[in-house]
Amino acid sequence: MPSGREIRAGFLDFFAARDHRVVRSAPIVPEGDPSLLFTNAGMVQFKQIFLGQATPSHRRVVDVQKCLRLSGKHNDLEQVGRDTYHHTLFEMLGNWSFGDYYKAESIEWAWDLLVKQWKLPTDKIWATVYTTDDEAESLWKKITPLPPSRILRFERENFWEMGETGPCGPCSEIHLDRGPAACDHQGIAHTCAVNGDCARYIELWNLVFIQYNREPDQSLRELPSKHVDTGMGLERIVAVLQNVLSNYDTDLFRGIIDATENLARRIYGTDPEADVSFRVIADHARAVSVMIADNVLPSNEGRGYVLRRVLRRAARHGKMLGLDGPFLTYLVEAVVGILGDAYPELRERQTFIAEVVRSEESRFAETLDKGLGLLESEIAKLPARAGVLPGDVAFKLYDTYGFPLDLTEDIVRGHGHSVDGAGFTRMMEEQRARGREAKKFVAQSAGSGDRRSRFVGDRIYEWESTVTSVATEDGERPQGVHAGEIAEVVTEETPFYGESGGQLGDTGTMRTERGARLEVLDTLRHGPDLVVHRVRVLEGGIARGDQVRLLVDAARRDRIRLNHSATHLMHGVLRERLGTHVRQAGSLVAPERLRFDFNHTSPISAADLEAMEDEINARIRANVECVAEEMAYDEAMKRGALAFFGDKYGDRVRVLQMGSFSTELCGGTHVQRTGDIGLFKFRGESGVASGVRRVEAMTGGGALDWVQEREERLRQIGATLRSSEEEAVERLEKLLAQSRELEKRIEKLQRDQAKSQSGDLLSQAREHDGVRVLAARVDGLDDKALRELVDRMKEKLGSSVIALGATDGAKVTLIAAVSKDLVKRFHAGDLIKRIAPLVGGNGGGRPDFAQAGGKDPSRLDEALAKVHELIG
Ligand SMILES: [Zn+2]
Ligand SMILES: [Zn+2]
């Protein structure tokens, strides 16, 4: 039996072999067509070609298009799940001729594929043509062995129009008779027939021959070239080829139903009511995944609200199967398994999709039970049959419990009642008016005490929400802020993590549909339920009530994520190695590094640091799963979770568990598996206060960069030393020994030189009033040698004043000495203070000894000459 995947590929291959170009499915959100909420037919991406506004790059095209029928006149939502063949998301197989082949080839190839390749029984196939389309009928007779009795003519069913005006034409359909057992009108007065509204005869393939344009005056104008647009629902043909009556029994759905069975611990096919829920969930899981993969995110308007409605409808059916809390998120994997090959964006964004679904499900789970309780008690008040649920109840369910109107209607209809839709709409409008009033009120009072903002989840980087508050330093600004301004913006929900628990806040951007662009400079947490974005408006403006798209700088968040998870691993290892007295005293988790302060009294040895680094990296390589779970505080303590002292926790806490390595309370963002961290490197260890040590570390790509930088430096050292890196240390030791040896020799040479100079110097001493004064220049001596020389001269001259100067060409050293017997008369420190300025320096010292440095060797002789002047 061919799989759905094989049938999909087989269709494309069949037409590719007949010169058709295989094109990718268009996104589910039509590009450049605001009139349409979702792509609902294969022809959407080719509309411009039919309208003559674009030239096709290929005249023959084949594709598989993902389609959603969730809005407008093609809205099958209510019907989905109740039968076995309506879907919100379906795949449309289509071959296309843009002014190329026409009726003959279309009919011949359809027949060849269905009968010759896929082996459908000839005697079960019926064809239909438009009332006046003799050409199509004769082609069916000529090309295929169909008897005339199985070629039927229809009026309305066989004329296809794109809209009120535009391209249109007759069509020819292929129907399949699945036998009397397939009829879903058993037991009532009914005759099974083609186009007779029964499941026995199903339409397989529609071949549309586009040859007219419907003009505004409703007349038909012949198009200059004729086109073919065919469509065959994949789900249906797969059911036929897999020989099952229900689309839900094909492998396009079965994997999702299997996964649901496992979660619900119930079996599909044993309870008709539960089966409806199984089918709704399978259908909706596919639709929701495809929408999110194409960037539709839950919101309160437009496409986002359609997504929310579908998701909540699925959640309610999950509830009916006994599933509490998120479950749809676990079905995403099955959906990707089925559709991921044909639509790679699903595979690429699988984690993101699952996280968005999880976030939305957990949000609705909070109010679903209460809403259902209210609804049940209201339904009980209605008469036994055909009651009408008041509009204000439906509105309360919408406003307080997040029940979309169609969800309420769905439930109410199940009890044989209806909803006062007009009343609901009235309440909705009243609320909008009140909203405008409230805005005015806020403008007057500048009150903003009721701001709340929900963080949507750990692995979500993109979200859509409504602005609830815009404030500048001066306070609330209901009229909004504009380009160049800095402001604080709050939204109903946000994917931005507000700084807390040491983890820095996210940065990124915000955009509105009207083209405003904002840079999110930082994100802060003002309380457990309030996330505040600090923004700079780059372009346009933003005000309360605006719908914004929030985009987190994902690369930065990822780096933070690695550092944060590594902090927890490190904390565990520190406690194991150093003792359980180790407690967090402070922590910083930034994109570049992590810093962790903890109670410990002594420095950590290099050996301990290295051993801990090894252990942390071993835990990274163990690649265990990291799971964050919300639970009651007491439950968390029972599980042995570590809570950091000084932190405040509510009744409900988030517990992060990393395999058996670590269980701690933490609200931050984390990796999925420890292996994601990649690499951990300590960068330093120090003391910050008595009894508090600090370690700094890096992870992931940052740690690797750091290691590579050091490697590069080592290479440079090797190259400079002209040795291999391995021998660099040995070579450096040798060089240092050599250098010490040389220093010793230089010292000795200087001493020898000083000795030999002392004779000359003696002769330079002069007498002033019975005092022997020596002021001389002795270049080439270092400070030490100079001091020794001064001492020696003092010995030789006895009662004397001595000043010696030396320079190495750049700096100057001056030393002055006065023999003990003369210190009453002369002061070495004063002397040096007087002459040092001449060489651009200063200095001072004791009465018998003083020293100074200078920067101007050119006036050294002058400075020394001044000594004689001063003593004289
Ligand atoms: Zn029937
Ligand atoms: Zn943490």
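I began with helix α7 (residues 272-293) and helix α8 (residues 302-320), whose axes come within 9 Å and cross at roughly 150 degrees. Axes here are lines fitted to C-alpha atoms, for helices over the stretch in contact, and angles run from 0 to 180 degrees between N-to-C directions. The angle makes α7 roughly antiparallel to α8; angles under 35 degrees count as roughly parallel, over 145 as roughly antiparallel, 65 to 115 as roughly perpendicular and the rest as oblique. Helices (H or I, at least four residues) and strands (E, at least two) are DSSP runs, numbered from the N terminus.

I noted the basis of the entries: the model is predicted, local features need pLDDT of at least 70, side-chain atom pairs count only at pLDDT 80 or more, and totals for chains, interfaces and linings use all residues. Residues are numbered from 1 along each chain as its sequence is written, chains are lettered from A and ligands numbered from 1 in the order in which they are written, and side-chain values use heavy atoms, with hydrogens and water left out.

**Back to α7 and α8**

On the α7 side the contact includes V276, V280 and H284, and on the α8 side L307, V310 and H317 are among the residues; contact means heavy atoms within 4.5 Å. I sorted the contact of α7 with α8 by class and got 11 nonpolar, 4 polar and 1 charged. Ala, Val, Leu, Ile, Met, Phe, Trp, Tyr, Cys and Pro count as nonpolar, Asp, Glu, Lys and Arg as charged, and the others, Gly among them, as polar.

**α15 and α16**

Next I took helix α15 (residues 554-578) and helix α16 (residues 606-622), which pack at an angle of about 135 degrees with axes 10 Å apart. They are therefore oblique to each other, and their crossing is right-handed. L569, V573 and R577 of α15 are among the contact residues, as are M612, E615 and R619 of α16. This contact has 9 nonpolar, 1 polar and 5 charged residues.

**Zinc ion (ligand 2)**

I looked up the protein donors and found H564 (NE2), H568 (NE2) and C666 (SG), lying 2.0 to 2.2 Å from the zinc ion. Donors are N, O and S atoms within 2.8 Å of the metal (3.2 Å for Na, K and Ca); water is not among the atoms, so sites may look incomplete. The donor spacing in sequence is H-x3-H-x97-C. H564 lies in α15 and C666 in the loop between β29 and β30 (680-689), so the pair ties together parts 102 residues apart in sequence.

**Sheets**

I then traced an open sheet of 3 strands, ordered β27-β28-β29 and paired antiparallel; two strands pair if DSSP finds at least two bridges between them. β27 (626-632) and β29 (662-665) each have a single partner strand, so one side of each is without a neighbour in the sheet. Strand β28 (residues 652-658) pairs with β29 over 4 bridges, and M658 has S662 of β29 as its bridge partner.

The other open sheet I followed has 4 strands in the order β25-β26-β31-β30, with antiparallel pairing. Its edge strands are β25 (584-589) and β30, and the twist averages 15 degrees from one strand to the next. Last, I saw helix α18 (residues 700-721) lying across β30 and β31, at about 90 degrees to β31.

Definitions and conventions
A crossing is left-handed if the near helix is turned anticlockwise from the far one by less than a right angle, and right-handed if clockwise.
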